[in-house]
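My entries follow in the order in which I made them.

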Amino acid sequence: MHGETLRSVFLSDIHLGSRACRVNLLLDFLRQTRCEILYLVGDIIDLESLRNTFYWPASHTEALRLILKKSQEGTRVVYVPGNHDDELRAFAGVKLGNIEIARQAIHTTGTGRRLLVLHGDEFDAIVRGKSLGVLLGGLACRSLLSLNRFVHWLHDLAGRPYWSLAQHMKSRFPGTKRYVERYQRATLAAARDAGVDGVVCGHIHRADREMLDGLLYYNDGDWVESCTALVEDRSGELSLLQWRPSTAALAASATVSVETWSSTSVAMAEMLGLQAEVREK
């Protein structure tokens with residue numbers, strides 16, 4: 001991994017600007033990997049969270065800097081916005097340097113397989129519905145993610161390896177499997193309509209790879225709970241990578257050379273039109 005330049009990398013649901021983002025794991029991943037194409041498959045910057053409470057530490061600026069650096073060094077970066085960065089969909093079709101913004105994309109692997117790349121929130125109305133159970137489930141999920149952050153803090157304090165309470169609990173919830181199956185069917189129906197061989201998506205924070213009804217389903221996961229990426233090697237084979245570096249590597253990634261409220265953070269707040277009191281320290 002460290003010496004190999006990958007053909008492509010797919011990342012989604014990073015949620016920069018949210019306290020839930022496991023940014024130290026992400027920083028280590030970005031520093032250790034190189035690729036020809038980087039797909040950012042939605043919810044990269046959590047504009048929804050930033051509007052509610054402006055949270056932008058230096059480590060989140062560093063993550064964006066590393067992505068921009070990759071684009072400047074020749075990596076093609078394709079940004080497919082999601083529901084948390086939905087405002088960026090207005091810029092679909094725009095190319096900024098080596099960064100392209102698109103509502104959807106088609107990726108052709110080294111083996112010739114064509115994959116539809118989309119975030120996946122387009123199917124919420126079909127998959128979730130508007131029932132009371134869904135609303136209560138969403139509330140429980142948000143509470144679980146808050147507790148998840150506390151567990152992460154305890155693990156970091158004790159120097160223990162990363163472990164996600166949220167993933168552990170959701171895997172045991174009876175409705176999770178049915179929800180995932182509905183989501184898979186909806187995304188694969190879109191792939192079938194597009195006449196491609198499969199789909200790459202994110203959105204539901206559940207990394208997965210399967211062959212279903214003759215179509216390939218890839219979910220690249222997230223950097224809140226599972227901390228995973230979908231990667232394509234030089235031979236064109238796709239695999240899910242669960243990023244679990246040593247605690248020493250994470251400690252190194254936590255060290256950045258800019259202040260917590262940097263001028264970059266202030267500029268970003270102004271650019272996004274966020275109503276927040278931001279000051280430099």
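The notes below go from the whole chain to a helix pair, then to a sheet and to one serine.

**Ground rules.** I am working with a predicted model, in which local features need pLDDT of at least 70 and side-chain atom pairs count only at pLDDT 80 or more, while totals for chains, interfaces and linings use all residues. Residues are numbered from 1 along each chain as its sequence is written, and side-chain values use heavy atoms, with hydrogens and water left out.

**Whole protein.** I looked up the secondary structure and found nine helices and 12 strands, taken as DSSP runs numbered from the N terminus (helices H or I, at least four residues; strands E, at least two). Of the 281 residues, 50% are buried, where buried means under 20% relative accessible area, exposed over 50% and partly exposed in between, with a 1.4 Å probe and protein chains only. I also noted that, among contacts between residues at least 6 apart in sequence, 69% join residues at least 24 apart, a contact being heavy atoms within 4.5 Å.

**H1 against H3.** I found helix H1 (residues 23–32) packing on helix H3 (residues 58–72) at an angle of about 20 degrees, with the axes 10 Å apart; the axes are lines fitted to C-alpha atoms, for helices over the stretch in contact, and angles run from 0 to 180 degrees between N-to-C directions. H1 and H3 are therefore roughly parallel to each other, a label for angles under 35 degrees. On the H1 side I listed Val 23, Leu 26, Leu 27, Leu 30 and Arg 31, which meet H3 residues including His 60, Glu 62, Leu 66 and Lys 70.

**The open sheet.** Five strands form this mixed sheet, in the order S6-S7-S8-S10-S9, and two strands pair if DSSP finds at least two bridges between them. Strand S6 (105–108) and strand S9 (208–212) stand at the edges with a single partner strand each, so one side of each is left without a neighbour in the sheet. Neighbouring strands are turned by 20 degrees against each other on average, direction ignored. I followed S6 to its pairing with strand S7 (residues 114–117), which is antiparallel over four bridges, and saw that Ile 106 stands opposite Leu 116 in S7.

**Ser 71.** Is this residue, Ser 71, buried or exposed? Ser 71 lies in helix H3 and, at 8% relative accessibility, counts as buried. Leaving aside neighbours within four places in sequence, I found Ser 71 in contact with Val 77, Asn 98 and Ile 99.

Conventions: Parallel < 35°, antiparallel > 145°, perpendicular 65-115°, else oblique.
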